[in-house]
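Colleague: I'd like to learn how to read a model like this one, feature by feature. Could you walk me through it?

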Amino acid sequence: MMIAPVCLMITAAAATLSIHPGRSVFFFYETVTLSCAVPGSFSSWTVKRNTSTKSSVPCETWGQLNGSSCTIKGVYPSDSGVYWCESDSGECSNTINIRVATGVILQGPAVPLIEGDSVTLNCSYKEKYAKESTSTFSTAFYRNGTFIEKMPEGRLRLIRVSKEDEGIYKCEHPEKGQSPEIWLEVRARAPSTTAPPPPPPPLMSLPRLAYTIFLFILFTGILLLCISMRQRFTRGPAASPAAETEAKMRESDRL
């Protein structure tokens, strides 16, 4: 049984361990790369592991070191264990469990899922010295020891996972038996820190729109009428043609 790392400080936010290919179970002789992502850290980080025989062993002993990454070319059962990133000051990242097997295996994510994610569990079979694995066989899938579904090929697709999907999974080949169990962890999604956009302004109903247009036309008409009356009063009353003729005649008599 492998034990978890003993660190002075668990600081998952400071460093994150990832794995390629992104799963936790591997066939014999596959190449696996583990990498420490350390944004904004001034510490020196390295990949370490605990196996059934040794504890807290750095990458230089069992893999090929390349910066903050470590590659195992040709994994073997002795590489099964718990892996993590550790700084020179004793800080630790998340952990990843690796298992190396032959025969039937169930390939699932090596890191926890977040609620709402989707994932495909792949059931594969490979003989120890075979070059290629196969998944083209009728496959039974189990969660927590209970049968859940049988698929014509070795793939089980989980859409928008929730905490109900969390558990121990395994698959079964119709002739070659069952795979080792894997643990599928589902974590709650962190609440959003951004405020939702403001709601759009309510749309005006048709009767209210018609009433508004009517009031606009009415007030515009009243305004134009007031302007016209003001202009008439400013100019004064206009003289009639008869009055103008009489005024001219009076002027002639005077002369």
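**Reading the model**

Modeller: Let's start at Ser-135, which is found in the loop between S13 and strand S14 (139-143); strands here are DSSP runs of E with at least two residues, helices are H or I runs with at least four, and both are numbered from the N terminus. Keep in mind that this is a predicted model, where local features need pLDDT of at least 70 and side-chain atom pairs count only at pLDDT 80 or more, while totals for chains, interfaces and linings use all residues. Residues are numbered from 1 along each chain as its sequence is written, and side-chain values use heavy atoms, with hydrogens and water left out.

Colleague: Is Ser-135 buried or exposed?

Modeller: Buried means under 20% relative accessible area, exposed over 50%, and partly exposed in between (1.4 Å probe, protein chains only). Ser-135 has 9% relative accessibility, so it counts as buried.

Colleague: And which side chain does the side chain of Ser-135 make a polar contact with?

Modeller: A polar contact is a pair of N or O atoms within 3.5 Å; within protein, one must be able to donate a hydrogen and the other to accept it, and residues adjacent in sequence count only if both atoms are side-chain atoms. Here the partner is the side chain of Ser-124, at 3.0 Å. Ser-124 belongs to S13, where it is the bridge partner of Ile-105.

Colleague: How do I read the sheet around S13? In what order do the three strands come?

Modeller: Two strands pair if DSSP finds at least two bridges between them. The three strands make an open, antiparallel sheet in the order S11-S13-S16. Strand S11 (103-107) and strand S16 (155-158) are the edges, each pairing on one side only. On average, neighbouring strands of this sheet are turned by 10° against each other, direction ignored; axes are lines fitted to C-alpha atoms, for helices over the stretch in contact, and angles run from 0 to 180 degrees between N-to-C directions. S11 and strand S13 (residues 119-126) share five bridges in the antiparallel sense.

Colleague: Now the charges. How many salt bridges does a search of the whole structure find?

Modeller: The rule is a side-chain nitrogen of Lys or Arg within 4 Å of a carboxyl oxygen of Asp or Glu. The search gives seven. One of them joins Glu-86 and Lys-48, at 3.5 Å from N to O. Glu-86 sits in strand S9 (residues 81-87) and Lys-48 in strand S5 (residues 45-50), so the pair ties together parts that are 38 residues apart in sequence. Glu-86 counts as buried at 12% relative accessibility, and Lys-48 does too at 16%.

Colleague: Which residue does Arg-23 form a salt bridge with?

Modeller: That's Glu-30, with the closest N and O atoms 2.6 Å apart. Arg-23 is buried at 14% relative accessibility, and Glu-30 is buried at 18%. Another pair is Glu-166 with Lys-163, at 3.2 Å between the closest N and O atoms; Lys-163 is partly exposed at 44%.

Colleague: Last one: which residues form a nonpolar patch on the surface?

Modeller: Patches are made of residues with over 30% relative accessible area and no salt bridge: like charges are joined within 9 Å, nonpolar side chains (Val, Leu, Ile, Met, Phe, Trp, Tyr) within 5 Å. Here Leu-206, Leu-209, Ile-213, Phe-216 and Ile-217 make one, with about 550 Å² of accessible area together, by the Shrake-Rupley method with a 1.4 Å probe, where for residues only the protein chains shown count as cover. Ile-217 lies in helix H2 (residues 206-235) and counts as exposed at 56% relative accessibility.
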